[in-house]
Amino acid sequence: MSIDEEVEVLRKIPLFANIEPAKLKLMCFASQRMTFNPGQVLCGQGDVGDSAYIILEGKAEVVVENHAPLVVAQIGKNDIIGEIAILCDVPRTASVIATSELTALEITKDLFFRMVTDFPELGVEVMRVLAHRLEHTTALLLEARKGAK
Amino acid sequence: MEPKLFKYIWHHSKREQLAILLLVLLSMPFYFLSLDLPKMIVNQGILGKGFSDPLDSKSFLAMDLPFGELLTGAPVTLFEGFTLQQQGFLLSLTFSYVLLYLINSGFKYWINTGKGRLGERMLRRLRYELTDRLLRFPIPHMRRVKQAEVATMVKDEVEPLGGFIGDAFVTPAFLGGQAITAMAFILVQNVYLGLVAAAIVAIQAYLVPKMRTPILRLGRQRQLTARQLAGRVAEVVDGAVEIHAHDTSNLERADLVSRLGRIFDIRHEIFQRKFMVKFVNNFLAQLTPFIFYGGGGILAIRGHLDVGALIAVIFAYKDLPGPIKELIDWEQQRNDVQIKYDQVIEQFQPPDILDPSAQDPDRDASDPLDGQLSLSGVSLVDDSGNHLIKSISFSIACRDHIAIVGPSDSGKDHLGLLLASLSEPTSGSIRVGERDLTKLPQSVTGRRIGYLGQDTYLFPQSVRENLLYGLRHKPLREPKETPERRARRKAWVAESQRAGNPTWDFEADWTDYEAAGASGPEDIDERILEVLNLVDMDDDAYRFGLGGFIDAEAHPEIADAILRARAELPKRLAQDKAENLVVRFDPDAYNKNATLAENLLFGTPRKQGYKLRDLANNELMTKVLDEAGLLDTIIDMGVSIARTMVEIFADLPPGHPFFEQFSFIDADDLPNFRGYVVKVDKQGTEALDPPDRLALRRLPLSYSEARHRLGLIDETIETRAVAARKLFAARLNKLDPGAVAIYDPEAYNSAASLQDNILFGRIAYGQARARDIVGKAMTELLDTLGLRNIVIGAGLDYQVGVGGKRLSATQRQKLGLARNILKQPDLLIVNDGLAVLDTATQDKLQRRVLERRVGGGVIWILQRPQSCEQFSRVLVMQDGRIVEQGSFTDLNKPGSALSDIMAAE
């Protein structure tokens, strides 16, 4: 897969949909494409996070290690993971383990912050995505409370 | 040292000085003859004086016995000479002139080389004496010595002495002789005019040196300020971290500038005074002819003086000012070097300098240190009168394991230095068995005692050399002798002796392998490995080894072993299903994980001009690429890369870190490349100028398909690149063999590191944790193949850098400890020598050292009292005194000083 193809993939992700292709290309160029074998760990719960991953191909599961490992989500192409750890310097909240051969773009913390500062529109997009998630989580929380009552 | 420079010179070089003087005297007659000859050539040879006509003949080279007429009453002819006609006579004279010229030049050559050699020999002697004294400075004094200043003294400040020493006696003798002759001649011609001339010379001789006294004083100041400047420059280097960390670079600049200003002022004043002296000197020299012409003329007019005599006096006088002036200059130079000498030797006479016998390498050291180590009434007072150690007395067994603990100001570190005989007590005695420790020569203390202080100094050599450093006390084995070396060595020894230098052979093997428990250079590495394991440095050495280089011809067994590992690596990786993590170098295949330049060169550059970044300028490579039909392709690739770079970096401000990290093109050059892209889009690549083409050709060389993913390398390019690579290798082999070590799957590449030789390829880009997995596989492989020690052995050649700066502080301390363990001393003193290690490692190493040294003495001055449990006896120090001693269990009781200290930790 060449850089141009990677850019095409990124443009399909809502977070990057409104970003100029030249900037996406810069981001691709500046980041490493990583291949993981099934069973390899993208990020481990409790580790210090220094990069986020955009999955270009393949599948992975999100596992939370509480007494026993619990699979909380399945993720695949176009998903972005690990952005929380690089945004707010907390250890990884869950492990992500490849379940098939998986290719991901590794965006380092440094690159991410540079991109956000240099291209504020990207920052706005990130906020939008996070806000959506927050809203979604709040809705879930409300539902859970209703259920509890 | 001899305080009078002249005495020093005379004492050490009188024979040579006299020889040169004799040579000068011998040269004199020839010199005067050569002055006289031109006159003879003109008068007799050409003008024919003494010849009645051109066919008349005359005797040439007739020689009479000097004063023959006076002695015998009639001229005594020694040699009749050759009878020659005028032309023959002229030719003989001119040939004689050439001959005389040759003889004179010969004399000059001998005299000058003689003087130069003499000066250099004395300089060598002086420099040696200075460094010898430096080596005998007591350790406490060393702390006050500024290294840069000492270095300038030994190197620069004594340098002018060398030039002077050759002239020290010859010049005054020679010039003085000339001046006296001229003076005598004038006096013979006319006593009064002679006295006038003498009077003016006397004034000159009195006045000029007097005027020069302040210049000498200034010269002394100049020397001191220059020396201090050197010291300050060294401090700027040493304190670089502090200077940057505290933003004090401008303070340092101001300081340096004020020093430069002072040097300028001094120099300026010297110039003014110096040229004033010259002025007065010249004036006085011209005053004499004025008196001769004026006064003598009036006397002649009045008839009191014969005109002939006046002319003779004036002629004779022209020979006088020259030598006088030079004599005065010589005197000035003499004073100058005397000052330099004084200033230098003054710094090299510390009051308690060690006696040379203390460092005599041949003093008997065979008696081990044994019995009781007893101190009685030992005190130590520093220069400012502080009592560091207050009348300590104790007695311990030399072979025991002793811990000394106490607060950091208790004086325990000073005690450590005293016990190692590195400083001397102000009063009291330290005895080992029957012997007085302070009287023992270093051949005993330096070989039978090991000492590890808080900071270990490592010399800028390899790890191995640094470890063996503690075993090198005197030359033990002759180096390999060849007849040439033997001859060279003989001459070298003779010359060293002439300059009063010792004649130890530095190239000999100085290492005392037996002292380390080895039998020779063959098995010393085993001992070293053991000791490295003990101090936990084996992993470090292993890493050094992997990154290190070996010469396959010198060590074929290592090369073979590494090649075995290379062959095994893919199988080992396949076990982990990781075979795709390393993409090997295949002579027949393009390696996508390497750059284009690496693919084309396909080897390790050994020569300048073949480095990867220089490849675009390499003529041979350019020619080969052209023949392989790749040159235009590469330019096209360059255009593609330039287009992408221009596109994605366009909006970034210059100086953005991305340029540095990721771009193929500097921010400054980006506009140029934008220009090329526009030009190519409009007019095609043909429109590019040669420099543009070169710039574009350079870009793809660092392009790696796997990493940069611009999709530029297709199969056609790959095939052509492989063809070009082969063509290049073949051509290179003919034109410039050895410039590049070409990758050969079957051969060891001495220009590449051990690791690169094993890997023989590139770790694949974009494979998760590839580096870790491959590194681990490689380590395990080397272990199973039993190659670990070979790699560590190669790691021993790792250069530690200046002051060991290429190692971490912990590695330095570990090496320092290893050096002391390897030496197997009777008594090992560790003066808080592992302080930079973490406490767990400290405890571990301490335990291992004590285990290894069962039966050998250890005195460990501990920072942390907790670990003193491992020792059989503990001494507790407080405020310069021993307040408690005994076993740990005895002392570790409530209320004891030890428990107080432990509680305070």
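A search of the whole structure turns up five cavities of 30 Å³ or more. A cavity here is a set of points on a 1 Å grid over the protein atoms alone, where a 1.4 Å probe fits but cannot get out. Volume is the space filled by probe spheres set on the points.

Some ground rules. This is a predicted model, and local features need pLDDT of at least 70. Residues are numbered from 1 along each chain, and chains are lettered from A.

Now, how big is the largest cavity? About 70 Å³. Its lining, residues with an atom within 4 Å of a point, includes Leu15(A), Phe112(A) and Arg133(A). Helix H5 (residues 120-148) of chain A gives the largest share, four residues. Helices are DSSP runs of H or I, at least four residues; strands are runs of E, at least two. By class, the lining has six nonpolar, no polar and two charged residues.

Next, chain B. Leu187(B), Val191(B), Tyr192(B) and Leu195(B) make a nonpolar surface patch of about 420 Å². Patch residues have over 30% relative accessible area and no salt bridge, with nonpolar side chains joined within 5 Å. Helix H8 (residues 191-238) of chain B supplies the largest share, three residues. Leu187(B) sits in helix H7 (residues 170-189) of that chain.

Is Leu187(B) buried or partly exposed? Partly exposed, because its relative accessibility is 32%. The cut-offs: buried is under 20%, exposed over 50%, partly exposed in between.

Last, Gly450(B). It lies in strand E10 (residues 449-452) of chain B. Gly450(B) counts as buried because its relative accessible area is 0%.

Terms used
Predicted model: local features only at pLDDT ≥ 70, side-chain atom pairs only at ≥ 80, totals over all residues. Heavy atoms only, no water. Patch = residues over 30% accessible without salt bridge, like charges linked within 9 Å, V, L, I, M, F, W, Y side chains within 5 Å. Areas by Shrake-Rupley, 256 points an atom, 1.4 Å probe, with all protein chains shown as cover. Salt bridge = Lys/Arg side-chain N within 4 Å of Asp/Glu carboxyl O. Buried < 20%, exposed > 50% of the residue type's maximum accessible area, 1.4 Å probe, protein only. 1 Å grid on protein atoms, 1.4 Å probe; cavity = no way out; pocket = protein on both sides within 12 Å on 5 of 7 lines; lining within 4 Å. Nonpolar A, V, L, I, M, F, W, Y, C, P; charged D, E, K, R; others polar.
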